[in-house]
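User: I'm new to this one and would like to learn how to read it. Could you walk me through a few features?

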Amino acid sequence: PEAAAGYIIMESVEYPPMSGSNPISTSAALIELGIVPMEGDETRFILESPAGLIGIQARRDEKGALEIEFTNQPAFVIALDHPLEVEGLGTITVDVSYGGMFFAIADAHGLGFSVTPDEGRDIVAMGMRIAMAAIDQIEATHPTEPEFKGVSLSQIACPITDSPDGGKTSRNACVVQPGRIDRSPTGTGTCARLA
């Protein structure tokens, strides 16, 4: 009852509990259509995702562009440095964590990637091999939502480093089924990585 609206997420091969770009898109649509009113330059409200309630903070910048920030459901780690047998590659290690979906996160540099646009095709091929191996070999179940289970995606991630502005930065590519790089770093993947 406390949610302004609810939404479901439809991916190519599944209906995941959460996706970071979806609360952003849904919130923007609700505001632009006037379903959720903007109170001045900033408003806060709640959306209901299949994973649970998602807090939204929306604001307009000085040019009138809409910026959306969301607070995800808790992210957590299932395993660090989990061995995974990958076809044509042998044994690698992946971190397995949940940020709204379960991810197998592999070290980009260890796989020979810098995560640059010219590597896209090879990252997709490798990411799909990792995801398929993880789906077969890794058991992952949400501790309080047992219907949320199984690795869905892979993430090829560079190390986290200091950025010139004093923050942290990292390059990554989330490979989604049936075989493409997601258009964003993915909110769920970012949360899984931070966990």
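Predicted model: local features only at pLDDT ≥ 70, side-chain atom pairs only at ≥ 80, totals over all residues.

User: Let's start with Ser-27: is it buried or exposed?

Analyst: Buried means under 20% relative accessible area, exposed over 50%, and partly exposed in between (1.4 Å probe, protein chains only). Ser-27 is buried, because its relative accessible area is 0%. You'll find Ser-27 in helix H1; helices (H or I, at least four residues) and strands (E, at least two) are DSSP runs, numbered from the N terminus.

User: And what does Ser-27 touch?

Analyst: Contact means heavy atoms within 4.5 Å. Not counting residues up to four places away in sequence, Ser-27 touches Phe-45, Leu-47, Ile-56 and Ile-68. A polar atom of the Ser-27 side chain also lies 2.7 Å from the backbone oxygen of Pro-23.

User: Where does Asp-41 lie, and why does it count as exposed?

Analyst: Asp-41 lies in the loop between helix H1 (21-32) and strand E2 (42-49). Asp-41 counts as exposed because its relative accessible area is 56%. Leaving aside neighbours within four places in sequence, Asp-41 is still in contact with Ala-58, Arg-59 and Arg-60.

User: How many residues are in the largest nonpolar core?

Analyst: A nonpolar core is a set of buried Ala, Val, Leu, Ile, Met, Phe, Trp, Tyr and Cys residues joined through side-chain atoms within 4.5 Å. The largest has 44 residues, and those with the most contacts inside it are Leu-84, Ile-92, Val-94, Leu-111, Ile-130 and Ile-156. Helix H2 (residues 120-137) gives the largest share of this core, seven residues. There is also a second, separate core of eight residues, including Met-101 and Leu-153.

User: What lines the largest cavity?

Analyst: Rolling a probe the size of a water molecule over the atoms shows where empty space is left. On a 1 Å grid over the protein atoms alone, a cavity is a set of points where a 1.4 Å probe fits but cannot get out, and lining residues have an atom within 4 Å of a point. Grid points are joined across faces, edges and corners, and a volume is the space filled by probe spheres set on the points. This structure holds one cavity of 30 Å³ or more. Lining the largest cavity are Glu-11, Ser-12, Val-13, Glu-14, Met-101, Leu-153, Val-176 and Gln-177.

User: Which residues of helix H3 are buried, and what covers them?

Analyst: In H3 (residues 187-194), the buried ones are Gly-187, Thr-188, Gly-189, Cys-191 and Ala-192. Their cover includes strand E4 (66-71), strand E6 (90-98) and strand E8 (151-157).

User: Last one: what is phi like at Val-115 and where is that residue?

Analyst: Most residues other than glycine have a negative phi, and most peptide bonds are trans. Val-115 has a positive phi of about 60 degrees although it is not a glycine, and it is found in the loop between E7 and H2. Thr-186, in the loop between E12 and H3, also has a positive phi, near 70 degrees. As for peptide bonds, the one from Gln-177 to Pro-178 is cis, with omega near 10 degrees.

How values were computed: Residues numbered from 1 in each chain as written. Heavy atoms only, no water. 1 Å grid on protein atoms, 1.4 Å probe; cavity = no way out; pocket = protein on both sides within 12 Å on 5 of 7 lines; lining within 4 Å. Polar contact = N/O pair within 3.5 Å; in protein donor to acceptor, adjacent residues only side chain to side chain.
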